[in-house]
Amino acid sequence: MDFHILVSMVVWTVSGSVLLCVLMYVDSLFTRYNDLEEIRAGNMAVTMRFVLKLLAQGYILSSSIASTNSLGDALVVSIVSFVLLFFLEKLVRLLLFRWAKLDLDHGTMLGKIGYGVLAGSLHVTGALIIAAFIKG
């Protein structure tokens, strides 16, 4: 392994980590609660949702990195995927609320782990679909 590969690995890892932090921060702006405060307070439903969303975004980022030699392309694919998942999640949340009377944000905020897992799994499922497309 040469020096160039080691430097590239550091740059890609740092860039990806910064992007994931930014994406999770942006995501937290759209919930009815403060993710980090709820996690600190021991709300396992919020923690599960947060972890699953982070895992989903990390998987998309890793798939985009594996399929390109361009750091910029990998980061853009991750951002576009985040936006796509955001809107798909909102649509599914609306449908679940109308059809099943499930308010995922409210249930998650109340600490109902099933709600948090369901909310986070929407992103994991979307990430698996997007990653399959990225990998071609």
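## Charged pairs

Glu89 and Lys53 join their side chains in a salt bridge, 3.1 Å from N to O. A salt bridge here is a side-chain nitrogen of Lys or Arg within 4 Å of a carboxyl oxygen of Asp or Glu. Glu89 sits in helix α4 and Lys53 in helix α3, so the pair ties together parts that are 36 residues apart in sequence. Helices (H or I, at least four residues) are DSSP runs, numbered from the N terminus. Glu89 and Lys53 are both buried. Buried means under 20% relative accessible area, exposed over 50%, and partly exposed in between, with a 1.4 Å probe and protein chains only.

This is a predicted model: local features need pLDDT of at least 70, side-chain atom pairs count only at pLDDT 80 or more, and totals for chains, interfaces and linings use all residues. Residues are numbered from 1 along each chain as its sequence is written, and side-chain values use heavy atoms, with hydrogens and water left out.

How many salt bridges does the structure hold? There are seven. Side chains of opposite charge can pair when their charged atoms come close.

| Salt bridge | N to O distance |
|---|---|
| Arg49 and Asp27 | 3.0 Å |
| Glu89 and Lys53 | 3.1 Å |
| Asp105 and Arg93 | 3.3 Å |

Arg49 forms its salt bridge with Asp27 at 3.0 Å. This pair links distant parts of the chain: Arg49 is in helix α3, Asp27 is in helix α1 (residues 3-28), and they are 22 residues apart. Arg49 and Asp27 are both buried.

Asp105 forms a salt bridge with Arg93, at 3.3 Å between the closest N and O atoms. Here, too, distant parts of the chain are linked: Asp105 belongs to helix α5 and Arg93 to helix α4, 12 residues apart. Asp105 is buried, with a relative accessible area of 9%. Arg93 counts as buried because its relative accessibility is 11%. Salt bridges that share partners join Asp27, Asp35, Arg49, Lys53, Glu89, Arg93 and Asp105 into one network.

## Around Glu89

Glu89 lies in helix α4. Is Glu89 buried or exposed? Glu89 is buried, with a relative accessible area of 3%. Which residues does Glu89 touch, not counting those up to four places away in sequence? They are Lys53, Ala119, Leu122 and His123. Contact means heavy atoms within 4.5 Å. The C-alpha atoms of Glu89 and Leu122 are separated by 6.5 Å, and these residues are 33 apart along the chain.

Helix α6 covers residues 113-135 and has 23 residues. From its first C-alpha to its last, α6 reaches 32 Å, close to the 33 Å expected at 1.5 Å a residue. The expected span of a helix is 1.5 Å times one less than its number of residues. The buried residues of α6 include Ala119, His123, Ala131 and Ile134. What covers the buried residues of α6 includes α3 (44-66), α4 (71-100) and α5 (104-109). Gly136 follows α6, and its phi is positive, near 65°.

Helix α3 also has 23 residues. Its first and last C-alpha atoms span 32 Å, close to the 33 Å expected. Asn43 caps the N-terminal end of α3, with a side-chain oxygen 3.0 Å from the backbone nitrogen of Ala45. Ser63 has its place in α3. Ser63 is buried, with a relative accessible area of 1%. Leaving out residues up to four places away in sequence, Ser63 touches Ala131, Ile134 and Lys135.

## Aromatic rings

The structure holds two aromatic pairs. Phe86 and Phe87 form an edge-to-face pair, 5.4 Å centre to centre with 80° between the planes. Rings of Phe, Tyr and Trp (its six-membered ring) pair if their centres lie within 6.5 Å; planes under 30 degrees apart count as stacked, over 60 as edge-to-face and the rest as tilted. Phe86 is buried, with a relative accessible area of 13%. Phe87 is exposed, at 55%. Phe30, Phe86 and Phe87 form one aromatic cluster.

## Record annotation

An unreviewed UniProt entry lists residues 6-30, 74-92 and 113-134 as "transmembrane region". Such annotations may be inferred rather than shown by experiment. In the model, residues 6-30 are 92% helix and 0% strand, with end C-alpha atoms 37 Å apart. Residues 74-92 are 100% helix and 0% strand, and the end C-alpha atoms are 26 Å apart.

How values were computed:
Helices (H or I, at least four residues) and strands (E, at least two) are DSSP runs, numbered from the N terminus. A polar contact is a pair of N or O atoms within 3.5 Å; within protein, one must be able to donate a hydrogen and the other to accept it, and residues adjacent in sequence count only if both atoms are side-chain atoms.
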